[in-house]
Amino acid sequence: MNLPHRLLPGLLLALPLAAAAQDAVRIEKDIDYLGGGRKEKADLYLPAKAEGGKKFPGIVIIHGGGWTGGDKGAAREQNIGTNLALRGYVGLSINYLLATTNQPTWPQNLHDCKTAVRWLRQNAARLNIDPDRIGVIGGSAGGHLATMVALTGPDAGLDPKGPYGEFSCRVQAAVDLYGPAQVRRDHVMIGKPRAEAEETYQAAEPIHHATKDDPPMYILHGTGDKTVPVEQSKILAAALEKAGVPHKLLIIEGAPHSFHLQPKQRDLRDEIIGFFDQHLKR
């Protein structure tokens, strides 16, 4: 089902952008990207018009929420998806399996994110996507999962067997918005205390996966973050530097934990979308 942009609640956009988006962005809600009767769905953000026959890059958008909450249609994800579509990208904002006390989700939550990458490739012809130009972006826990999508190839043993197993999970660029680089305390996502599952916890931490063949990454973090310390992004940047992964780190003075592409401290649209342009619009 297509919904006009003006009907979406809670979208935190500047007025000129909101007005422009009404005719420039198409939104398809509740896409069944996982199949198999899964309740987790996705929202598509599509440019309303083709760019002279050019194919669009695709971007998977991963919400935050501590791996236990959050939603694909939250204000941040709507802001990201709409801004990407306005600049010539197809955005896929996904829900993924969330952890509860009785339901650990690692690595199924990562599998869902990787399946979203495959889904874009499987549907590339219909959506006019270039399957060789796929990126990922996420905030907070979504930043962690986006980073894991970018840094883990088949050798890590974290690719799902299916669906769409004939397609690659690899991305060509990634943006991490204030995601944790380490799982610093026992977490229901894994379902066991770290003392009983050290290898599993390490496997869930991006800093242990960086290799020189990983795609470029842009990391952004605010100094006002009281949920994920800014040092987590510095630790990730150091791991990428050591491995020889191209990356950028932007520390935003005063920015809180959760922000989209237009926080009051600084308009980040040209920074973030410009990064994707550099690596996905060749």
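## Strand β7 and its neighbours

In this predicted model, Leu 220 sits opposite Leu 250 of β8. The two strands, β7 and β8 (residues 247–252), run parallel and are joined by six bridges. To get from one to the other, the chain goes by way of helix α7 (residues 231–243), making a right-handed β-α-β unit.

β7 also pairs with β6 (residues 173–177), again in the parallel sense, this time over four bridges. Here the chain passes through helix α6 (residues 198–203) on its way from β6 to β7, in a right-handed β-α-β crossover.

## Which way the β7 side chains go

Side chains in a regular strand alternate between the two faces of the sheet. In β7, Met 217, Ile 219 and His 221 point one way, while Tyr 218, Leu 220 and Gly 222 point the other way. Six of the six residues in β7 (217–222) are buried.

## A buried histidine

His 63 belongs to the loop between β3 (56–62) and α2 (75–86). The His 63 side chain makes a polar contact of 3.5 Å with the side chain of Asn 95.

## Two pockets

The largest pocket holds about 220 Å³ of space. Its lining has five nonpolar, five polar and two charged residues, and includes Trp 67, Ser 140, Arg 184, Arg 185 and His 187.

The second largest pocket comes in at about 160 Å³. Three nonpolar, five polar and four charged residues line that one, among them Asp 155, Arg 170, His 208, His 209, Asp 213 and Asp 214.

Notes
Residues numbered from 1 in each chain as written. Predicted model: local features only at pLDDT ≥ 70, side-chain atom pairs only at ≥ 80, totals over all residues. Heavy atoms only, no water. 1 Å grid on protein atoms, 1.4 Å probe; cavity = no way out; pocket = protein on both sides within 12 Å on 5 of 7 lines; lining within 4 Å. Points joined across faces, edges and corners; volume = space filled by probe spheres on them. Nonpolar A, V, L, I, M, F, W, Y, C, P; charged D, E, K, R; others polar. Polar contact = N/O pair within 3.5 Å; in protein donor to acceptor, adjacent residues only side chain to side chain. Buried < 20%, exposed > 50% of the residue type's maximum accessible area, 1.4 Å probe, protein only. Pairing = 2+ DSSP bridges. Right-handed = clockwise from strand over helix to strand, strands pointing away.
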